Amino acid sequence: MNTNMIIAAGVAAICSVAHAAEPASMLPASNAFAKASTLPFGYPPFDQIKNEDYGPAFAEGMRINAAEIEAIANNKQPATFENTIVAMEKSGQLLSRVSSVFGNLSGANTNDSFKALERELSPKLAAHSDAIRLNAKLYARIKSLYDKRAKLHLDAESLYLLERYNTDFVRAGAKLSNANKEKLKALNGELAKLSTSFAQNVLEEANASALIVDTREELAGMSDKAIDAAAVAAKARGLEGKFAIPVVNTTGQANLSVLTNRAVRERLMAASLARGSHGGKFDNTQVVLKTAKLRADKAALLGYANFAAYSLEDQTAHTPEAVNKMLSEFARPAVANAKKEGAEIQAVIDKEKGGFQLAAQDWSFYSDKVRAERFNFDQNQLKPYFELNNVLVNGVFFAANKVYGLTFKERKDLPVYDPDVRVWDVFDADGKQLAIFIGDYYARSNKRGGAWMNAYVSQSKLMGTQPVIANHLNIPKPNAGEPTLLTYDELRTAFHEFGHALHGMFSDVNYPRFAGTRVPRDFVEFPSQVNEMWSVWPEVLANYARHYQTGAPMPQELLDKVIASKKFNEGYRTTEYLAASILDQKWHQLGAKQIPADVLGFEAASLKAAGVDYAPVPPRYRTTYFSHVFAGGYSAGYYGYLWSEKLDADTVNWFTENGGMLRKNGDWFRKMLLSRGGTMDAMQMFRNFRGRDAQIEPLLERRGLTEK
């Protein structure tokens, strides 16, 4: 998943991050944000940043940015592209600098000070963004340029920038009456608070919902090292002698695949499913209802039937009807496949005389048995061949070298915010440095779940900046001296997130507004999904899949089994994803007067109506811990992973048809798509690359859904 964690998301779109000249700030020199970083590429001086630096830097950043905007809006000279649009692109450097660091670290390395400041800042930043987007004089200048755009003789990127500015401002409410602008400001302020509350509740609830057991025997099936780690986790909670298994991110939990005690599995699944919906200080049910209501109110104020209609208009899907059609087309065959898989699992349970019907807590445990029986291997056989450093250096980086000519050099001299964070210089094929890459791979209690990419500095020719890009995963950290061995999913995630990183690093645009991954939400996952293909490409796999102790390559027989089993469990994977996507749409296709009183009741009814209420396969995210849509940038947009995968599957076919891992292929993909950022219509960008629109058949084949 890509999440450019900038807390001032609305501000970021009209601010830049750069070393170019900027207004002098009134911050004391001791504040780490007082001046642009002097480190390479504007890399953040993490070792100099103090918690107390953020608040004053935000306040001063907003003050300076407001003054810059007022100067542009009140310029007595007639509006020109340079004195209005370019001037806005150059504005807000201090605010963007502090926003990028704070927003990123609030997800990756938060603390109580961060949480308090987030709650304080979110409505202020929303108000600051509104003050810009709803400035009548400013919009009048933009519209005057937009109306005569055909006569301005702008280059293609500049013309598209002007068009996007007009669209951005209109969608933000620039054409509303003054009274409605005030209503919109109030809505945006409340929504910002709710988003922060939701995200903080999810993190706190994950820590509070850890499964606690009394005896080592109850954790049978887990490795001795994993059980020891559970004892350490319990001790850290003041529960000496007990064992704690943290609950993380998605509904499914990794330990469900190995725990032999069904009662313990049931407790773990129940703890996961109940997050945010069982009362207490971290309950998210009222946050959800208020958010859904206010988003519907906002959409109505802006002239849309519902929030999904508002959100999707600016995506490549364009309408809720298009998204509903895709989701419904996938739902029936996906659930049918899941039920076939469930029947196979039930047969194993019955064969073992289990005496119970398959439930959600059983799926991972018994599907691994089905996999072992059908393909004669289990997932744990893979892990010794997937050691983290080897995967990164000889897998992820090796593939980037073969396809794009990149090379990497790790450096230890730049400061980091956690000792486990690693940093590399990235060099292009011509030997010139392209970017700095930060890797933050281990899970921490102060780090949100999931995996994501972010940009600390984005590329821009206008601003003279080059990318500082980070990837974040949540791999459990092993005990000291032990190797970090990845699951197959973690391996795939490492390649996926690096696909986002490549999108950011290859950016070759003029304007900050278009840099890197600043593309429609339902397009942004496409390049990252394409990069997953190299994780099992024979040449790449042979280079990194070596036993961490012996160095022996993964046996061809095991590799063949991995490839043969790629469609295994696709019914489950597609159904759990569809269920979450459908919930996202159901919530955001409600009108303001249709908001239910019961979150879980609405959720159950929605899944049933869509035909995805198959109990052994719960949604990948339930409503009350669905951070993508209630705290992140994917509201009404979680469908985008599948939407993007259509483009991805067709692109993988293109690479294969054209010889696979060849530099000419990588160079074409980079030139026509990865380097273009948001400088043109996304689907036209794909057509320019592929020579036609994407076809659905490769995705249906990949997902095992070709048989109806």
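## Cavity and aromatic contacts

Twelve residues line the second largest cavity, and Ala455, Ser458, Ala515, Gly516 and Thr517 lie nearest its centre. A cavity is a set of points on a 1 Å grid over the protein atoms alone where a 1.4 Å probe fits but cannot get out, and lining residues have an atom within 4 Å of a point. This is a predicted model: local features need pLDDT of at least 70 and side-chain atom pairs pLDDT 80 or more, while totals for chains, interfaces and linings use all residues. Residues are numbered from 1 along each chain as its sequence is written, and side-chain values use heavy atoms, without hydrogens and water.

The structure holds five cavities of 30 Å³ or more.

The whole structure has 50 aromatic pairs, meaning rings of Phe, Tyr and Trp (its six-membered ring) with centres within 6.5 Å; planes under 30 degrees apart count as stacked, over 60 as edge-to-face and the rest as tilted.

Tryptophan 363 is buried at 0% relative accessibility, and tyrosine 572 is buried at 12%; buried means under 20% relative accessible area, exposed over 50% and partly exposed in between (1.4 Å probe, protein chains only). Tyrosine 614 is buried as well.

Note on methods
1 Å grid on protein atoms, 1.4 Å probe; cavity = no way out; pocket = protein on both sides within 12 Å on 5 of 7 lines; lining within 4 Å. Points joined across faces, edges and corners; volume = space filled by probe spheres on them.
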